[in-house]
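The following note sets out, point by point, what may be read from the model under review. It is intended to be read beside the sequence and the coordinates.

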Amino acid sequence: MMKFSVKTQEFIKGISSVEGIISVREIKSALSNLKIEAENNSISISATDLEISLRTTIPAETKVKGIRSIPAKQLSSVMKSINFPLTQVEADENEEEGKRTLITDASGVKDFKMYINGVDSEEIKTIGNHSKGSAVEFPTFIFNSMLKKVSYAVALEDTRFVFNGLYVITTEDKLVVVGTDGRRLAKIERAIPNKIPFTKGIIIPHKAVKEIVKMLELSENGLTDLVDNQIYISTKDIELQSKLIDGNYPDYEAVIPKVTKNTFRGNKDEFLIAIRQALIAAEEPTKQIRLGLSKNSLNINSNNPGATEFSQNIPIEYEGEDYLIGFKGEYLQDAIRSIDDAEFVIEFSNPNSPIVLKDPSDKDYISVIMPMKL
């Protein structure tokens, strides 16, 4: 049994905040369901894909406490079609009808009835009752901005599993976040007020990073903890718990050039537009873009033999020798996009060595890209 009434829009918002982790491949399994638990003056909505679990809590008028698991897709579709402000949800079960959930207008004005069949809530294991005593408060805005600035460099389905997540480690007074796929790397550091418990370093899966970014987007304060080799994060109204990637992260400092011989600086937006245009003409599958450096000038060019060719010169600040360097176009584009300043700075030694891309307004951010053979 379970019965409660809730504001329709708040219920829809709660469903939307957790249903994103449900895979379309799980449509017919227990993992395609949302677990809804009615408690005193609130309901919690949770979902899991066995790797990540999300739970949100919203106010409600609880008439009968209880738990029910309801198919997420059907529940979401039904709630988005409703045009009354207050929804009543009532779960019951009997031998003939099974585990049915009835959705109606809580005010009784609208003659609306929708039944949805669910499954046994015990089949879905989401976030357990977490003791927040060991959790540490952390600056959500800072952490969120760090994740967003470097997550582009993470691999998505690499057989080297450690590359499929962001590496997070705390030093005495800093939080460090690193992403790499073996061909490019992004690293950012920030001073933090509290000692977050990641001193040994953790690797957060890319999918969990995306969910963390979403949940922290509008929050000001949060708590984090490590629970049984899983990261736990909570804000005012949502909780996340995710398994971590097990493995030894590579020595990222070893691939960051400590000394470079050449530097050039240019306008970020102008460079980004030229890269975008060059990608249209670049040959598949490498999408190679070539940068031709000469005094105070940068030539961006690409071609697909027999089909397209692109070339454009833009002004830069550069006093070094003439060079021609090849790059995977998307890598260059992603790195330039991550710059917040109106200008970018690139340092390198020769056409075969990694380039170091810097944000002039952020001394604690760095990006490294390996060049391609011409």
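1. Contacts along the chain. Among contacts between residues at least 6 apart in sequence, 65% join residues at least 24 apart. The model is a predicted one, and the remarks below should be read accordingly.

2. Overall dimensions and composition. The C-alpha trace spans about 80 × 50 × 35 Å along its principal axes. The secondary structure comprises 7 helices and 25 strands. Of the 374 residues, 52% count as buried. The accessible surface amounts to about 18,600 Å², and carbon and sulfur atoms account for 48% of that surface.

3. Charge. The protein carries 46 positive and 54 negative side chains. The centres of these two sets are 1 Å apart.

4. The largest nonpolar core. Which residues touch the most other members of this core? They are Phe-4, Phe-11, Leu-75, Phe-143, Ile-204, Phe-271 and Ile-300, out of 92 residues in the core. Helix α6, residues 268-281, gives the most to this core, contributing 7 residues. A separate core of 16 residues lies apart from it, and its members include Ala-155, Val-162, Ile-366 and Val-368.

5. Ile-204 within the core. Ile-204 is one of the residues that touch the most other members of the largest nonpolar core. When neighbours within four places in sequence are set aside, its contacts are Phe-143, Gly-165, Leu-166, Val-168, Val-209, Ile-212, Ile-231 and Leu-244. Phe-143, one of these partners, is likewise listed among the core residues that touch the most other members.

6. Tyr-232. This residue belongs to strand β16, residues 230-234. Is Tyr-232 buried or exposed? Tyr-232 counts as buried because its relative accessible area is 0%, and the cut-off for burial is under 20%. The C-alpha atom of Tyr-232 is 10.0 Å from that of Leu-54, although the two residues are 178 apart along the chain.

7. The asparagine pair in strand β20. Asn-301 lies in strand β20, which covers residues 297-304, and Asn-299 is found in strand β20 as well. Asn-301 is buried, with a relative accessible area of 15%. Asn-299 is also buried, at 17%. The side chains of Asn-299 and Asn-301 are joined by a polar contact of 2.9 Å.

8. Surroundings of the pair. Residues up to four places away in sequence are left out here. Asn-301 is in contact with Ile-289, Arg-290, Phe-310, Ser-311 and Leu-324. Asn-299 touches Arg-290, Leu-291, Gly-292, Ser-311, Gln-312 and Asn-313.

9. Lys-148. Lys-148 is placed in helix α3, residues 140-150. It is partly exposed, with a relative accessibility of 42%. The side chains of Lys-148 and Glu-217 form a polar contact of 3.1 Å. Between Lys-148 and Val-209, which are 61 residues apart in sequence, the C-alpha separation is 8.8 Å. Val-209 is also a contact of Ile-204.

10. Backbone features to inspect. Most residues other than glycine have a negative phi, and most peptide bonds are trans. A cis peptide bond, with omega of about 0°, joins Glu-284 and Pro-285. Pro-285 is located in the loop between α6 and β19, the latter being residues 288-294.

11. Positive phi values. Asn-229 is not a glycine, yet its phi is positive, at about 60°. It is found in the loop between β15, residues 221-227, and β16. Asn-229 counts as exposed because its relative accessibility is 51%, the cut-off being over 50%. Asn-296 likewise has a positive phi, near 55°, in a residue other than glycine. The loop between β19 and β20 holds Asn-296, which is partly exposed with a relative accessible area of 34%.

Technical notes: Residues numbered from 1 in each chain as written. Predicted model: local features only at pLDDT ≥ 70, side-chain atom pairs only at ≥ 80, totals over all residues. Heavy atoms only, no water. Core = buried A, V, L, I, M, F, W, Y, C linked by side-chain atoms within 4.5 Å. Buried < 20%, exposed > 50% of the residue type's maximum accessible area, 1.4 Å probe, protein only. Helix = DSSP H or I, 4+ residues; strand = E, 2+ residues; numbered from the N terminus. Contact = heavy atoms within 4.5 Å. Polar contact = N/O pair within 3.5 Å; in protein donor to acceptor, adjacent residues only side chain to side chain. Areas by Shrake-Rupley, 256 points an atom, 1.4 Å probe, with all protein chains shown as cover. Lys, Arg positive; Asp, Glu negative; His and termini not counted. Charge placed at Lys NZ, Arg CZ, Asp CG, Glu CD.
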